[in-house]
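Here is a short briefing to read beside the sequence and the model. It is grouped by topic.

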Amino acid sequence: MSPPALRSHRLLAVPSPAPRLVLALAAVLAGCTGERGLTFVDRTAACGVTFEHVCGGLEKDYILEVNGGGVALFDVDGDSDLDVFFVNGSRFDLKPGEAPPSDALYRNDGAWRLTDVTDAAGLRESAWGCGCAVADVENDGDLDLYVTNFGPDELWVNDGMGSFAAAGASSGANDPGWGSSATFLDYDRDGLADLFVVNYLHFDRSRVAPRGPGSCNYKGQQILCGPVGFPPAHCTLYRNLGQVKFEDASEEAGIRKAAPGYGLGVVACDYDRDGWEDLYVAADTSENLLYHNLRNGTFEEVGMRAGVARSDHGVAQAGMGTDAAYLRDPRLEDIFVVNYEDDSNTYYRNDGDGFFTEITTQLGLAAPCFKHLGWGAFFADLDLDQDLDIFIAQGHVVPQADQIPSSPGYRQLNKVFRNDGSGRFEDASARCGPGLQVKKSSRGAACGDLDSDGDLDIVVNDIDDRATVLEAAGKPLGHWLAVRCVGVKSNRAAIGAVVRLRAGGREQARRIKSGSSYASHCEILARFGLGAAQKVDELKVEWPSGGAEVFAAGAVDRVLTVTEGSGTRIP
């Protein structure tokens, strides 16, 4: 094909070794160098993580080489510690007999020691990977792993002892396209976790010119072409049939009725509060999609009608990562999307009537990110003060950005936006300790409590670089409670459950989610910051199978496990 003369969604410069700004002394000084309750220290080297991501050549001649990979935090072996899984890419120029890059699994051995157990877990493989999501697809108590690839995706089945077996084509879920992100949800409420895969575009290297004379130009730099000019791709919905068997339900469920797009991020939510999970897809230069669950096994795409397909200026943006959360109202899930440079990220307020209003500027989230390019993004109460904050992983797509005076460059600092309690956000990144001064070109990002101290640590997959593991090392601003839900009638991991909590005069809500952010997966827990509150007044779980129960919370500052059917049923 002839390369399009339109804006590419990627701009990259040749990476050099990322600076290490964190010294051994940083951990000691963390409490006095960072924002109170928001101090992060780079633990990567100290904890033993040596994973380095690979994604094509360093000059980035093709679009396949720039999207990078995600990360998943989940308990692989049932020891209550979060383990870490990294998705890796590959290269075009592998030599005969050369071992291709592989994904990697690190077992959490406690005390900030992560051990590479990729081979022992059976997870060494050679696909050009991108994203990941986690669920208990068999309802056997073990969390299984799904990895999206350029080429057939793979479902890895957990044997319960820390080892995995590839289900392969027999699962029926090995989507053959270029998978970017994925998420599990029980869209038909039959007690089994179904799978939704976002595909990016159709790429054939033999039919596209590499970066160079005659290719695409961005701000005076010759860069790779895309995504515009490449055939867009459809998303795929797989219904879980049980026994590690899935069937493609995309046509009958109405997923393929929507126009194909350049999908990158996905999050499940229930935007209309009817108890049936919907799906939101962040897309790159094409319109974002909102699939409304019609409660009869089908979906209707309503993004334009609901006001979440484009920006407030009526423009289709270049979205990468996305998340949804009960932020302003414990009954309404808002949606946040991070976008390309020279554009703001986008915050959509749920108005409760099936429509959304963009309020990015009003919340203070527009100007601080306008020149930057976001990938992974998630809501989390990082300082445990009862308000959800935002983390954004940033990095340009082409190294040639380093030669553009108006660009912040290929490697960019990640950001933390602190909720000031009024619903507005302030960019607190510069005050969040040495871990937020690490500059790389970041992609997937996920959060979870790696050291079991109650606050949320962060792991980032950085393209063509060593991963970054950030410990939340500052003193939190409050107490906390994490709720692990176990489904009985619902899917075992209770994906889709909504946990509601009242404490300290505030009501909060969290959804148990599978994959979100960009190509990544955060801990499967409902984690609440309680501020000064030392007791929980009410704890309620709305199960994905329907119905709700109230549970006694007991002591705070702990992980509480609740099982469906063991609480007090709400009529």
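The model is predicted. It holds one disulfide, formed by C216 and C225. Strand β4 is largely enclosed by the rest of the structure. The largest pocket has a volume of about 610 Å³.

**Cysteines**

- The sulfur atoms of C216 and C225 lie 2.2 Å apart.
- The link of C216 and C225 is right-handed, with 110 degrees about the S-S bond.
- Both C216 and C225 are buried.
- C47 is buried too, because its relative accessibility is 0%.
- For C47, the closest cysteine sulfur is that of C447, 17 Å away, so the two are too far apart for a bond.
- C132 takes part in no disulfide. The nearest cysteine sulfur to C132 belongs to C130, at 9.0 Å.
- C132 has a relative accessible area of 0%, so this cysteine counts as buried.

**Strand β4 and its partners**

- Strand β4 spans residues 104-108. Four of its five residues are buried, which means that the rest of the structure largely encloses the strand.
- Strand β3 (residues 83-86) pairs with β4 in the antiparallel sense. Three bridges join β3 and β4.
- V84 has Y106 of β4 as its bridge partner.
- Strand β5 (residues 114-116) also runs antiparallel to β4, again over three bridges.
- R107 stands opposite T115, a residue of β5.
- β4 and β5 make a hairpin, with five residues between the two strands.
- G110 sits in the turn of this hairpin and has a positive phi of about 80 degrees.
- In a regular strand, side chains alternate between the two faces of the sheet.

**Largest pocket**

- This pocket holds about 610 Å³ of space.
- Its lining counts 29 residues. Nearest the centre lie D75, L143, R484, I524 and L525.
- Two elements give two or more residues to the lining: β2 (71-74) and β32 (479-486).
- β32 supplies the largest share, four residues.
- By class, the lining of the largest pocket divides into 13 nonpolar, six polar and 10 charged residues.

**Second largest pocket**

- About 360 Å³ of space lies in the second largest pocket.
- The second largest pocket is lined by 23 residues. Closest to its centre are D270, D274, G275, V498 and E542.
- Its lining residues divide into 11 charged, seven nonpolar and five polar.

**Loop residue I359**

- Where does I359 lie? I359 has its place in the loop between β22 (356-358) and β23 (374-380).
- Is I359 buried or exposed? I359 is buried, because its relative accessible area is 7% and the cut-off for buried is under 20%.
- Which residues is I359 in contact with, leaving aside its neighbours within four places in sequence? The contacts are R328, Y347 and R349.
- I359 and D312 are 47 residues apart in sequence. In space, C-alpha to C-alpha, I359 and D312 are 8.7 Å apart.

Terms used. Residues are numbered from 1 along each chain as its sequence is written. This is a predicted model: local features need pLDDT of at least 70, side-chain atom pairs count only at pLDDT 80 or more; totals for chains, interfaces and linings use all residues. Side-chain values use heavy atoms; hydrogens and water are left out. A disulfide is a pair of cysteine sulfur atoms within 2.5 Å. Buried means under 20% relative accessible area, exposed over 50%, partly exposed in between (1.4 Å probe, protein chains only). Two strands pair if DSSP finds at least two bridges between them. On a 1 Å grid over the protein atoms alone, a cavity is a set of points where a 1.4 Å probe fits but cannot get out, and a pocket is an open set with protein on both sides within 12 Å along at least five of seven lines; lining residues have an atom within 4 Å of a point. Grid points are joined across faces, edges and corners, and a volume is the space filled by probe spheres set on the points. Ala, Val, Leu, Ile, Met, Phe, Trp, Tyr, Cys and Pro count as nonpolar, Asp, Glu, Lys and Arg as charged, and the others, Gly among them, as polar. Contact means heavy atoms within 4.5 Å.
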